[in-house]
Amino acid sequence: MNRFLQYANLIGVTALAILCVIQWSANRRVNLEASALEKTRLDLIAKIAEHEKTIKGQAADLDTFREQLSLATTSLKETETKLTKAGRENIQLETEREQLKSSITNWAAAVTARDERIKEANDRLKQVGEDLNASIRKFNELAETHGKLVKDWNDQQAKLAAMRTNGARASSP
């Protein structure tokens, strides 16, 4: 029995060795797969981290673009408002310009009419001045004539008085 146990032991050890080799082979394969899977997992984690980083960057870009779009929209609305206001002001200024043109035309016509009235008034003043000068000349001539007449009259009165005095002397003796 000892021998039988030895053989059984030998077969058991051999079977155990074969079983260990099979188990080792299976474990090796599982370990290799686990290592490959771990390597794949690490690669995927790195890719996921890279994709997350890209996604965060793209999200930040998207937020930036949204802000820029919001600012551009706001700026566009403000510009449209300003443009509309400028258009209204332009129309108002054109209306005022037309009114000013009309006023200037009327003013120019009034100035022309005033200048003509001033010219007519100057002509009348010259005529009145000439008439006044002519009247003054006539007055001076009349005064001169009056002065001569007064002198002649006084001379005549003196001659008459002298003749009376001479006639009274002649009749008195």
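1. In this predicted model, Glu98 has a relative accessibility of 42% and therefore counts as partly exposed, the band between the 20% cut-off for buried and the 50% cut-off for exposed. Arg97 also stands at 42% relative accessibility and counts as partly exposed.

2. Glu98 takes part in a salt bridge with Arg97, with an N to O distance of 3.0 Å. The side chain of Glu98 also meets that of Lys101 in a salt bridge, here at 4.0 Å from N to O. Through shared partners, these bridges join Arg97, Glu98 and Lys101 into one network. The 4.0 Å value can be read against the criterion, which asks for a nitrogen within 4 Å of a carboxyl oxygen.

3. Where do Glu98 and Lys101 lie? Both belong to helix H1, at a spacing of 3 residues, or about one turn of the helix. Lys101 is partly exposed, at 44% relative accessibility.

4. Another salt bridge pairs Arg41 with Glu38, and the closest N and O atoms are 2.4 Å apart. Arg41 and Glu38 are 3 residues apart in helix H1, so about one helical turn separates them. Arg41 has a relative accessible area of 42% and is partly exposed; Glu38, at 34%, is partly exposed as well. The search of the whole structure gives 5 salt bridges, including those described here.

5. What secondary structure does the protein chain have? There is 1 helix and there are 0 strands. The radius of gyration of the chain is 71 Å, well over the 16 Å that the globule rule gives for 173 residues, so the chain is more spread out than a compact globule. Along the principal axes, the C-alpha atoms fill a box of roughly 240 × 30 × 15 Å.

6. Helix H1 covers residues 2-171, and Leu10 is found in it. Asn90 lies in helix H1 too, and is partly exposed at a relative accessible area of 41%. From Asn90 to Lys151 there are 61 residues along the chain, and their C-alpha atoms are separated by 87 Å.

7. How much of the chain counts as buried? The share is 1% of the 173 residues. The accessible surface of the protein chain is about 15900 Å², and carbon and sulfur atoms account for 62% of that area. Tyr7, Leu10 and Ile11 make a nonpolar surface patch of about 340 Å².

Methods. Residues are numbered from 1 along each chain as its sequence is written. This is a predicted model: local features need pLDDT of at least 70, side-chain atom pairs count only at pLDDT 80 or more; totals for chains, interfaces and linings use all residues. Side-chain values use heavy atoms; hydrogens and water are left out. Helices (H or I, at least four residues) and strands (E, at least two) are DSSP runs, numbered from the N terminus. The radius of gyration is taken over C-alpha atoms; the globule rule is 2.2 Å times the number of residues to the power 0.38. Buried means under 20% relative accessible area, exposed over 50%, partly exposed in between (1.4 Å probe, protein chains only). Accessible areas come from the Shrake-Rupley method with a 1.4 Å probe; for residues, only the protein chains shown count as cover. Patches are made of residues with over 30% relative accessible area and no salt bridge: like charges are joined within 9 Å, nonpolar side chains (Val, Leu, Ile, Met, Phe, Trp, Tyr) within 5 Å.
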